Amino acid sequence: MSSARVDYIAPWWTYWLHEFPHVNLRFQPLDHTFKPQDENYQQSLIFLGCVAAAGLGVNLLCLAIYLSCLCCCRKDEEEEESKKSNSCCVTWAAVAAGLICCVAVGVGFYGNSETNDGVYQLTYSLYNANHTLAGVDSLVTGTAGGMQSGLNEHLSRLGEIFAARGDFVQTLQFMQQMSDNIIKQLLGLPDWEKAKVDLAAIADQTAYVEYYRWLTYLLILILDLVICLAACLGLAKQSRWLLTTMMVCGVLTLILSWASLGADVATAVGTSDFCVAPDKFLMNQTKDVISSDIVHYYLYCSQTLPNPFQQSLTVFQRSLTTMQIQIQGLLQFAVPLFPTAERDLLSIQHLLNNSEASLHQLTALLDCRGLNKDYLDALIGVCYDGVEGLLYLCLFSLLAACAFSVMLCAIPRAWRQIANRDRDYDDIDDGDPFNPQSRRMTSHHSHQGNMHSFCSYSSSIGSQTSLQPPTQAVTNAPLSEYMNQSALFGGNPRYENVPLIGRGSPPPSYSPTMRATYLSMTEDQIRHFGEDFRV
């Protein structure tokens, strides 16, 4: 039987998926035969989905352990040293998650399109086969009905007309036998009505499910891409509320990725079980409807196989030919004697011509090449494009799970860095004269009047000697500010080698003499020099 198959060979990935373990929920091993109605076989596919659920549990457990370690095992003394390295880790993690997510979305779009193409080819072939079977059923019903009603009516009237001629009546009786023989042969053909209804129902249900499957995956792909881009935007903008929202969405998408992985694996394994031995399943399904010889004829369509309809069609053809010869004889010899019989004889001739045309159409429709082509197209669509697309969708689910796992690891670190930055920013004293932001807020006050400075103080004797304010007005120049500060601190090169005013530099160190000099100022001196040096 296997030697007759020449057009269909199951692809290698269906054999690989067919070898996946088939275990029911009681952990009992099962055979790999495709039996969708069997409860144990259904449990074996559910078990594959449970394996994906276990993978989700392990993934969430690893993320929980990682987040717990990140929150509880902090080393404050190493924060400053590792800040730059942590920032690099977050950046590279975000880049890796984005790239993996983009690759996953691309693979998902391709797999979704391939699966849709395969299912479309399946439904198209089912509709074609249904159309062929419906045509066969229509021809058989129409021809048999015409023979039973139309032909018998004409023969009855001709029997009354030819009642006086025994030879003509005998010819009519012979034609009645031929008509009964044709009806018998037509009724001997298989009843395609039940198979036709089943094919139409399967095609409709498959198209309905496939539409919503394709739409669901399209929304999942778009959702993954949007979440990935929003998470990258949150990391770039350092927006804590956006990162929090994307973290919640990332967890939900991670769960959805593992769920889709389980569904895709179960579907791919079940479909591969069918693709490895489709003939065996179809023979078992149709054994109560159609004979095995007919099913075998259409499944293999080999030149060496006999046509199971050849005998019936041959008898049909011979009976029609015999009846047409008899009608020609009656038209030639009976009409001159019985002119009223011409109308019924011509009607019978027209009926026989239509029956002959139906015979040719029926012969073409019953030929195995049409239905076998639809069968092979359906197998190629399901087992090649369909299963291949499911494998790409499985790869998409795995890549998406990896991408969002990396993202969920990077977001808490980014959150921690943002929190540390905000805390360090809040610790800055707004009254610090060396705070760049504080100077920007008060710089317009220093530009409205004259700048005062101290005269030189003696740093050697540790006491104030003279305080003389300058008389010239100081413009908004960093060099003048620097010179005034240099005069304030006694011209010591240790504290005046770098101009600090107006550059946002960190505060300098103060010598004990400088601090004592500043603290020894009286209120009158401070009031005289203004608020320039008030802390």
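Cys275 is buried, at a relative accessible area of 0% (buried means under 20%, exposed over 50%, partly exposed in between, with a 1.4 Å probe and protein chains only). A disulfide joins Cys275 to Cys383, with the sulfurs 1.9 Å apart (a disulfide here is a pair of cysteine sulfur atoms within 2.5 Å). The torsion about this S-S bond is about -95°, so the disulfide is left-handed. Cys275 sits in helix H6 and Cys383 in helix H11, 108 residues apart (helices are DSSP runs of H or I, at least four residues, numbered from the N terminus).

By that rule, there are two disulfides. The other one joins Cys301 to Cys368, S to S 2.0 Å. Cys301 lies in the loop between H8 and helix H9 (310–333) and Cys368 in helix H11, so this pair ties together parts 67 residues apart in sequence. With 60° about the S-S bond, the Cys301–Cys368 link is right-handed. Number the bonded cysteines in sequence order and you get the pairing 1-4, 2-3.

Residues are numbered from 1 along each chain as its sequence is written, and side-chain values use heavy atoms, with hydrogens and water left out.

The chain's mean pLDDT is 78, and 72% of its residues reach 70 or more (pLDDT is the predictor's confidence in each residue, from 0 to 100). Over residues 434–505 the pLDDT is below 50. Where pLDDT is low, the predicted coordinates should not be read in detail.

## The largest pocket

About 1800 Å³ of space lies in the largest pocket (volume is the space filled by probe spheres set on grid points, joined across faces, edges and corners). A pocket is an open set of points on a 1 Å grid over the protein atoms alone, where a 1.4 Å probe fits, with protein on both sides within 12 Å along at least five of seven lines; lining residues have an atom within 4 Å of a point. Of the 49 lining residues, Leu122, Leu126, Ile202, Phe274 and Phe281 are the closest to the centre. H5 gives the most to the lining, with 11 residues.

## A buried histidine

His154 is found in helix H3 (residues 79–161) and counts as buried at 15% relative accessibility. Leaving out residues up to four places away in sequence, His154 touches Asp344, Ser347 and Ile348 (contact means heavy atoms within 4.5 Å).

Methods
Predicted model: local features only at pLDDT ≥ 70, side-chain atom pairs only at ≥ 80, totals over all residues. Helix = DSSP H or I, 4+ residues; strand = E, 2+ residues; numbered from the N terminus.
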